[in-house]
Structure formats: C-alpha cells, structure tokens
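Please keep the structure in view while reading.

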Amino acid sequence: MGLFDRARRSPIRRTADGTYAVDLDPEVRQMISSFMEQLRELLSTDSSLLVRLFPPPYGDDTERNQGYAALAGAELMERRTAALDVVRDSIDATALDEGQLMAWMRAINDIRLVMGTMLDVDDAGEPGDLSPDDAATYSVYEYFGAMLELIVAALSD
C-alpha cells in the first residue's frame, strides 16, 4: 500500500479550480477513518497518550496547568473533534476545499502526536526500542508523516 507512485502525480494536489484532488486507495481511506475513530474514542478519556495533544503550558506547576485546562480545554477539544468530524464527513471525497484539507492535516497530525507518544518518539523523530508490533505502528506513523508532507506541499502550491 504505497502512498503514491512517483511515476504519477501526487495523490493530493491543488486543481485549477482551487480545490484539492484527493486520489487515495480505498484501503488508505479506511485506514485513515479507522485511526480517526480511535482518536475520537481516546479523546473521551484522560489517557496519558494525549499529553502531546494537550501539553501542560506551565511545566510542573499543577495549579496553573489546571487553571489553563479549565479555561482552554473545552475549546482545544472542540477544535480537535471538529477536524475529526470534517475528515469523517469527507473521507470518500475526491475533492476537498482548503478548509477541509486543513482539517485533514490537523487530524492526521494529531494521530501522529498520539502515535509518537505511544512509540516514545523523541524530538529528532526517532522511536524508543521497538517491539515487532511497535515496528508496524511506526510504519503507519511514518506513512502519516509522508501524507502530511503531501498535504503541506499541496497547500503550498
């Protein structure tokens, strides 16, 4: 399941009318959809896997972090779930507008942040010790990274 064949044009690209063509295999769309639903479920928990999505802005200052979470937490959660909603509603689309593609970018990035936490990926992008199951997860993590690159390139055109 390659992201794209270098012999053909990018599967995510700006078109002449200003929309973005999304030419992804059904298996890729299903994978994206599955990960988006898993993230949606995870967002309803207080899992430590969400730390990169909601990093504590005041380091170890628990009181200030709790105050920030009380003030901004709902809005941050709303933005994340809104992006997931857009992806869910447009997963089968072959053309997206800029707002939809931006939502795809945010949602895929959120998935990578959670996966990076699971895999103990460091600031240089290197994972911790990988078990065979983790190696497969890391491959998906890298795949989503390549997809983000395609989205950024399309948005930059």
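## Packing of H1 against H4

In this predicted model, helices H1 and H4 are roughly perpendicular to each other, because angles of 65 to 115 degrees are counted in that class and the two helices pack at an angle of about 105 degrees. Helix H1 spans residues 26-43 and helix H4 spans residues 132-156, and their axes lie 13 Å apart.

On the H1 side, the contact is made by Val28, Met31, Ile32 and Phe35, while H4 contributes Val140, Tyr143, Phe144 and Met147. The residues of this contact comprise 8 nonpolar ones, with no polar and no charged residues among them.

## Aromatic pairs

The count of aromatic pairs comes to 2. One of them joins Phe35 and Phe144 in an edge-to-face arrangement, with 5.4 Å from centre to centre and 85 degrees between the planes. This pair links distant parts of the chain, since Phe35 belongs to helix H1 and Phe144 to helix H4, 109 residues apart, and both Phe35 and Phe144 are buried.

Tyr138 and Tyr141 form a stacked pair, because their ring centres are 5.6 Å apart and their planes stand at 25 degrees. Both tyrosines lie in helix H4, 3 residues apart, which is about one turn of the helix, and Tyr138 and Tyr141 are each buried.

## Arginines over rings

Tyr141 also has a charged neighbour, as Arg112 lies over the face of its ring at 4.0 Å from the ring centre. Elsewhere, the charged end of Arg80 sits over the ring of Phe54, 4.9 Å from the centre of that ring.

Key:
Residues are numbered from 1 along each chain as its sequence is written. This is a predicted model: local features need pLDDT of at least 70, side-chain atom pairs count only at pLDDT 80 or more; totals for chains, interfaces and linings use all residues. Side-chain values use heavy atoms; hydrogens and water are left out. Axes are lines fitted to C-alpha atoms, for helices over the stretch in contact, and angles run from 0 to 180 degrees between N-to-C directions. Helices (H or I, at least four residues) and strands (E, at least two) are DSSP runs, numbered from the N terminus. Angles under 35 degrees count as roughly parallel, over 145 as roughly antiparallel, 65 to 115 as roughly perpendicular and the rest as oblique. Contact means heavy atoms within 4.5 Å. Ala, Val, Leu, Ile, Met, Phe, Trp, Tyr, Cys and Pro count as nonpolar, Asp, Glu, Lys and Arg as charged, and the others, Gly among them, as polar. Rings of Phe, Tyr and Trp (its six-membered ring) pair if their centres lie within 6.5 Å; planes under 30 degrees apart count as stacked, over 60 as edge-to-face and the rest as tilted. Buried means under 20% relative accessible area, exposed over 50%, partly exposed in between (1.4 Å probe, protein chains only). A charge sits over a ring if NZ of Lys or CZ of Arg is within 6 Å of the ring centre and within 35 degrees of the ring normal.
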